[in-house]
Amino acid sequence: NSNSPLSFHLVGAVTAPLLTQAPVKRKPAKKAKKAVVFFEVEILDAKTKDKLCFLDKVEPNATIGEIKSMFHKSHPQWYPARQSIRLDPKGKSLKDEDVLQHLPVGTTATFYFRDLGAQISWVTVFLTEYTGPLVIYLMFYFRVPFIYAPKYDFTTSKHWVVHLACMCHSFHYVKRLLETLFVHRFSHGTMPLRNIFKNCTYYWGFAAWMAYYINHPLYTPPMYGEQQIRLALIIFLFCQIGNFSIHIALRNLRPPGSKTRKIPYPTKNPFTWIFLLVSCPNYTYELGSWLGFTLMTQCLPVAFFTLVGFIQMTVWAKGKHRSYLKEFRDYPPLRSPILPFIL
């Protein structure tokens, strides 16, 4: 019966609007903070195994460079640049950018310290060893007193190749000085102080030996005359431009203040295309420059300097080539260290 109270209430129950309760917002549960596990670092002398320093509560993301700074505070005589920190007494030095928690050590890490000796910046070494040959050669060129017989003091050579050789030699070392100041970016800031004496003896000594004979009053020009000299000049200038181009390309691989290493590849500059065949073309061009200078002067001391330099640069090039192969799996397989397809 539609008029019954029961029917009325049922209909009302159906047609009445439903009242819904607003959902209760729950606050997200706070994430539990991970407890930072600090490291304990002890540093032992690599030779005697005596404990030199104990560092407590070292953060896991601390770098070797930062650990060196902490060690320096307790031992001021060993500034970071002269410290070698190793995992093994006879192992390799760890890099400053190596992170503590990424090394194969436990929360109590043991490192070994070796003193590298007094250090000096690479820039200072390069400026010193390159300024010497520049000045020494000019002293012989101008024939200052006490070098040759008194009657030759401040006289000039009658051979134009002597003047050309002086310009080329001076250009080479001025270029090196400017590159040291404005182009090179060094992966290592310092080197042992004792190296400056060795390097200067090499560069200064050879400069004096070469200059003495090239600027000697009895010097005789090359056998094949102007043709030989002009060919030698072309070789020298070509290789100097190539060497500079490679230095610029290598500089652009490394951002300022970075120690990042990348595979060098040829650029739009044709002088860099030799990267297709050689790992260290800066040494290749350097060798070519001195071969040109040897041909230009036809002087035995210059040839000997070129030979010694080639041997040393080959050692450096092979070391860098091995380093590239070890670090980069996709390193171009066709490249040779210094001479294409030969060496």
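At what angle do the axes of helix 3 and helix 4 cross, and within what distance do they come? The axes of helix 3 (residues 122–141) and helix 4 (residues 160–182) cross at roughly 165 degrees and come within 9 Å.

This is a predicted model, where local features need pLDDT of at least 70, side-chain atom pairs count only at pLDDT 80 or more, and totals for chains, interfaces and linings use all residues. Residues are numbered from 1 along each chain as its sequence is written, and side-chain values use heavy atoms, leaving out hydrogens and water.

**Helix pairs**

Helices (H or I, at least four residues) and strands (E, at least two) are DSSP runs, numbered from the N terminus. Axes are lines fitted to C-alpha atoms, for helices over the stretch in contact, and angles run from 0 to 180 degrees between N-to-C directions.

| Pair | Axis distance | Angle |
|---|---|---|
| Helix 3 and helix 4 | within 9 Å | roughly 165 degrees |
| Helix 3 and helix 5 (residues 194–214) | within 8 Å | roughly 20 degrees |
| Helix 6 (residues 225–253) and helix 7 (residues 281–297) | 8 Å | about 160 degrees |

Angles under 35 degrees count as roughly parallel, over 145 as roughly antiparallel, 65 to 115 as roughly perpendicular and the rest as oblique. Helix 3 and helix 4 are therefore roughly antiparallel. Their crossing is left-handed (the near helix is turned anticlockwise from the far one by less than a right angle; clockwise is right-handed). Contact means heavy atoms within 4.5 Å. On helix 3, the contact residues include Phe126, Leu134 and Tyr141; on helix 4, they include His169, Tyr173 and Arg176. By class, this contact has 16 nonpolar, five polar and one charged residues. Ala, Val, Leu, Ile, Met, Phe, Trp, Tyr, Cys and Pro count as nonpolar, Asp, Glu, Lys and Arg as charged, and the others, Gly among them, as polar.

Helix 3 also packs with helix 5. These two are roughly parallel, because their axes cross at roughly 20 degrees. The crossing is right-handed. The contact divides into 15 nonpolar, three polar and one charged residues.

Helix 6 and helix 7 are therefore roughly antiparallel. They cross in a left-handed sense. Their contact holds 14 nonpolar, nine polar and one charged residues.

**Annotated spans**

The unreviewed UniProt entry annotates "transmembrane region" at residues 120–140, 199–219, 231–250, 271–293 and 299–317. Such annotations may be inferred rather than shown by experiment. Residues 120–140 are 90% helix and 10% strand, with end C-alpha atoms 30 Å apart. Residues 231–250 are 100% helix, and their end C-alpha atoms lie 29 Å apart.

**Salt bridges**

The whole structure has seven salt bridges (a side-chain nitrogen of Lys or Arg within 4 Å of a carboxyl oxygen of Asp or Glu). One joins Asp96 and Lys68 at 2.8 Å, N to O. Asp96 sits in the loop between strand 3 (83–86) and strand 4 (108–115), Lys68 in helix 2 (residues 64–74), 28 residues apart.
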